[in-house]
Amino acid sequence: MMFGLWGTGKKDQDIGVSADFQRALTQQVMATELLRIKALIGTTVLLSVILWTVYFLAPEKVSQVWHGNLKPHYLYSVMVPFILFELWVHGAITRHMREGRDLPLFRRYLGALIETSMPTVALALHINAMGSVAALGFVVPMTYFIFIILSTLRLDFWLSTFTGFVAATELFLMALFYHPDPGPEVSVFYHAARSLILLIGGMLAGAVGLQLRRQFEASIKAATARDRITNLFGQHVSPQVVERLMAEGTKADSDIRRVAVMFVDFRSFTAGARTRSPQEVVDRLDGAFAILVDILDRHGGIVNKFLGDGFLALFGAPLEAPDPAHRAVAAAREMLEANARVNEATSWPLRIGIGIHLGEVVAGSIGSPRRKEYTVIGDTVNFASRLEALNKDFNSQFLISEAVHDALGDACRDAVSLGEVEVRGYERPMAVWRLA
């Protein structure tokens, strides 16, 4: 249980971790590291301003606390090198981010050691200026908590714990070295208790950072999964379909699917577009597609790709769908009805041609290693395309193949047989049916 809080096991890191995910997570971790550095520099500058303000407004109080030993170079000797170091680290991280590389682990620990040692240097200067008892009881030991709290932004449990360990160890050793208390046993216990609080603080900061990291990981995994699905299936995939694809998972390997393939085309659209402005053409086509794609979503289909003034839709891939032929035909009927209603209210009516065929296809991600797209290949796709094109010959809007007709059974009693039809690219005539 404790190990689950403190670190992620190798098994957890290997599951579902892609190169894109690792790059995105590295960038996010380094971005929070930059935020931590800016916070440290800002805090240092703020403390300097406050201290100098008090120094100039109430010099007698400052002289009383520091016994007249506060010198400006004390501040410069700690704060200026610290700010310069943080600026150097900021530049190194920014350079690694641009190059897409992560910082080496030893550099992270070395940076944490150097940063957390800065309060120790300041404490040594204060002890020399105001005495060990006063310095160890003053504000400098509390500045360790600034580094411990901001170490949360490292998003690394062990780095935060290391920060707490360095702070606790250095404070304890400083206290033992100067022996502010007369009783050695009391002194050891007293300072060990204070140092223990610093160590526990580092562990708690690490636990918080780990939880933040896990939330980042979950968000990045969801985002990269959505990006991968969008790249494969196109931006036209609805959010609901994306969620289902993420839940069910998608295969990169090709497989054989039995699907209903639908081709949709707007008849004579190009001729109508010649007399209209480009914006009118885009607006009309976008509006029509929005209605049709919404209908497809509700019937379990997806648009595989847009083809100018038409598109290819699938039922049964990549998502499993029972009765793909029934779903495709029901969607097509609703699409024709919706288009008819739109035509009654517009000055630019559009006529739809739809062709549906049912059969096996090879479905999978095809393309180059840098850019892949989910697609379907096979005679089923080719015949569905040829089927849609026959609408022009028969002055029809909705044609189905014999395979779809047989799959529908009594659900297509209104189908009208067009007989054996010559289809371009096929040696023998094919049975074609027209639906209202």
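Start by selecting Phe-266, Phe-289, Phe-306 and Phe-311: ring pairs join these residues into a cluster. Rings of Phe, Tyr and Trp (its six-membered ring) pair when their centres lie within 6.5 Å; planes under 30 degrees apart are called stacked, over 60 edge-to-face, and the rest tilted. You are looking at a predicted model, in which local features need pLDDT of at least 70 and side-chain atom pairs count only at pLDDT 80 or more, while totals for chains, interfaces and linings use all residues. Residues are numbered from 1 along each chain as its sequence is written, and side-chain values use heavy atoms, with hydrogens and water left out.

The structure holds 10 aromatic pairs. For one of them, select Tyr-109 and Phe-162: the ring centres are 5.2 Å apart and the planes stand at 75°, so this pair is edge-to-face.

Tyr-109 is partly exposed, at 24% relative accessible area, and Phe-162 is partly exposed at 23%. (Buried means under 20%, exposed over 50%, partly exposed in between, with a 1.4 Å probe and protein chains only.)

Move on to Phe-383 and Tyr-426, whose ring centres are 5.4 Å apart with planes at 85°, so they too are edge-to-face. Both Phe-383 and Tyr-426 are buried.

Finish at Arg-276: its charged end sits over the ring of Trp-348, 4.2 Å from the centre (CZ of Arg or NZ of Lys within 6 Å of the ring centre and within 35 degrees of the ring normal).
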